Amino acid sequence: MTTAPAAQGATIEVRDLTKTFGSFTAVDQLTFTVEPGRITGFLGPNGAGKTTTLRMLLGLVHQTSGTATIDGRAYGDIDHPQSMVGSALEATNFHPGRSGRDHLRVLAAAGGLPVSRVDELLELTGIPAAARKRAGEYSMGMRQRLGLAAALLGDPRVLILDEPSNGLDPEGIRWLRGFLRHLSSQGKTILVSSHQLQEVEQTVDDVVIISNGRLVREGAVSDLRGAPTTFVRTSDPAQLAGALRVADVMSSPGSDGELVVETADLRLVGDVALRAGLPVWELRARKHDLEALFFELTEGTNRNLGDGSSAPPAPTERDAVTGQEGANA
Ligand SMILES: Nc1ncnc2c1ncn2[C@@H]1O[C@H](COP(=O)(O)OP(=O)(O)OP(=O)(O)O)[C@@H](O)[C@H]1O
């Protein structure tokens, strides 16, 4: 941002949050924290309860029980919500006949923000050329960028984005990654939902993974990846283990005679083996298969594809407190 000095982010706290629709529990005793200055991925398969959680956080849906706060307050109690939190939820609707610029102008006026902010945001989100075009003619990727521009109008401390890379091409995804990184380096709190860990793996610092409305994992992506590990196969694993220990590298016997070495440095392991006069029959780094881990954690829990017994009721009404979505202007 080129305007005021960057505001510090604010912590998002979700505590025992529950939402039921009739007898169906969409969000179940969910507890997690999102820290400022970090990008947090809010992950789970389709129907896991991500959007419902975000809608509760933004005061668009009443929770059945529990709390969801931003900087210690429920959304409805925040004094100047536009400068505290900006959001772009899925299925954000823009008036199709209104240009991108006019859409942002209306939101800026409603929020008492200077109109100069509109062109600044159009520029920042890479859609200045589309400013005069009717939003109804926007591609999905352009709509995403317009939604992001709307969310950022008030230079909020917290940014909540539902599936922001949907409809973006690879170049757009790369741009979004850099853009979010820039915003988080200013100290903003960024929460980004996705149903694919792989999609946000490179973007996020932390993850909150939910399944069936419940928390299954919370923490840094680096922790999910686990410690770096190398597998090596040789004629005398015990001798190689001893030689590695001398080089300050720990190892333990793995399956099928291989040695599991606590390093990602393949070259070091090869050099130690060479010095010990041992043949290297196989040497490979453990692949960090986050995609597999994600499936393992959330396996078979896409409730939208349920067998009928655990399927939710048809969402007849969205139970919205306000009909408004998008920038929360
Ligand atoms: N108003 C409603 N009435 C009944 N059921 C609802 C309502 N809103 C959501 N649900 C159900 O609650 C569950 C969670 O939905 P939600 O949209 O929060 O999931 P999600 O994780 O965002 O999924 P997706 O990745 O598909 O967007 C789904 O099974 C959904 O059908």
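**Model and domains**
I am working with a predicted model. I looked up the domain assignment. It gives domain 1 as 12-224 + 291-305 and domain 2 as 227-285. I then took the centres of domain 1 and domain 2 over C-alpha atoms, and they are 44 Å apart.

**L148**
Next I picked L148. I found L148 in helix α5, residues 140-152. Is L148 buried or exposed? I counted 24 other C-beta atoms within 10 Å of L148. The cut-off for buried is 20 or more, so L148 is buried.

Which residues does L148 contact, leaving aside neighbours within four places in sequence? I noted A88, T125 and P164. L148 and P164 lie 16 residues apart in sequence. Their C-alpha atoms are 8.2 Å apart in space.

**Helices α3 and α5**
I stayed with α5 and turned to helix α3, residues 100-110. Two packed helices are described by the angle and the distance between their axes. Here the axes come within 10 Å. They cross at roughly 25°. Angles under 35 degrees count as roughly parallel, so I logged α3 and α5 as roughly parallel to each other. The crossing of α3 past α5 is right-handed.

Which residues meet there? From α3 I listed G100, H103, L104 and L107. From α5 I listed L146, A149 and A150. I sorted the residues of this contact by type: five are nonpolar, two are polar and none is charged.

Methods. Residues numbered from 1 in each chain as written. Predicted model: local features only at pLDDT ≥ 70, side-chain atom pairs only at ≥ 80, totals over all residues. Domains from an automatic or database assignment. Helix = DSSP H or I, 4+ residues; strand = E, 2+ residues; numbered from the N terminus. Buried ≥ 20, exposed ≤ 12 C-beta atoms within 10 Å, placed from the backbone. Contact = placed C-beta atoms within 7 Å. Axes fitted to C-alpha atoms, helices over the stretch in contact; angles between N-to-C directions. Parallel < 35°, antiparallel > 145°, perpendicular 65-115°, else oblique. Left-handed = near helix turned anticlockwise from the far one by under 90°. Nonpolar A, V, L, I, M, F, W, Y, C, P; charged D, E, K, R; others polar.
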